[in-house]
Amino acid sequence: MPCTPTVPSMRLVPLADVDLDVLFAAQHRTQLADGDPFPVQRSELDELAAEPHFDASLDGVVAMDGDRIVGWARVFHEPSGERLERAFLSGGTVPENRGEGIGSALLEWQVVRGTERLGRYDHDLPRYLRTFEYTDHHG
């Protein structure tokens, strides 16, 4: 059953259609508020956009409420062809909009997109969706 965020005006926009400086500001502010030990650097977004195994029009979305970013999600998969295939899921929700179903909707999108990416192969290697969470934000 699809998750319905409680932000009725929320829409998912392809990452390719978003100003990376605005995304960086939202993501960096969120990570600093969470005490993330490895906050994203602006250059990392440029590197991701240039990555040959990442299509910003298909593999990343930004959750928008009007003209404001309230969350983001990315799926990254570099084909292996050996041992296993993994797609890495990353994303977040700005602190002031947590608990509104945005993160759940983004994760649902990631599972669908990651499964699509991993389903492209005709080999029988194991396939995994991977994500992580920092649980000790505040020491």
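View 1. The lining of the second largest pocket comprises 4 nonpolar, 2 polar and 3 charged residues (Ala, Val, Leu, Ile, Met, Phe, Trp, Tyr, Cys and Pro count as nonpolar, Asp, Glu, Lys and Arg as charged, the others, Gly among them, as polar). Phe76, His77, Glu78, Pro79, Ser80, Arg83, Leu84, Arg86 and Phe88 form this lining, and the pocket volume is about 170 Å³. A pocket is an open set of points on a 1 Å grid over the protein atoms alone where a 1.4 Å probe fits, with protein on both sides within 12 Å along at least five of seven lines; lining residues have an atom within 4 Å of a point.

**View 2. The largest pocket.** About 1100 Å³ of space lies here, lined by 33 residues, with Leu89, Ser90, Gly91, Gly92 and Phe132 nearest the centre. Strand β4 supplies the largest share of the lining, 6 residues. The lining divides into 13 nonpolar, 12 polar and 8 charged residues.

**View 3. Helix α3.** The end C-alpha atoms of α3 (residues 102-118) are 24 Å apart, which agrees with the 24 Å that its 17 residues should span at 1.5 Å a residue (1.5 Å times one less than the number of residues). Buried residues (under 20% relative accessible area, 1.4 Å probe, protein chains only) of α3 include Trp109, Arg113 and Leu118.

**Basis.** This is a predicted model, in which local features need pLDDT of at least 70, side-chain atom pairs count only at pLDDT 80 or more, and totals for chains, interfaces and linings use all residues. Residues are numbered from 1 along each chain as its sequence is written, and side-chain values use heavy atoms, leaving out hydrogens and water.

Key:
Helix = DSSP H or I, 4+ residues; strand = E, 2+ residues; numbered from the N terminus. Buried < 20%, exposed > 50% of the residue type's maximum accessible area, 1.4 Å probe, protein only. Points joined across faces, edges and corners; volume = space filled by probe spheres on them.
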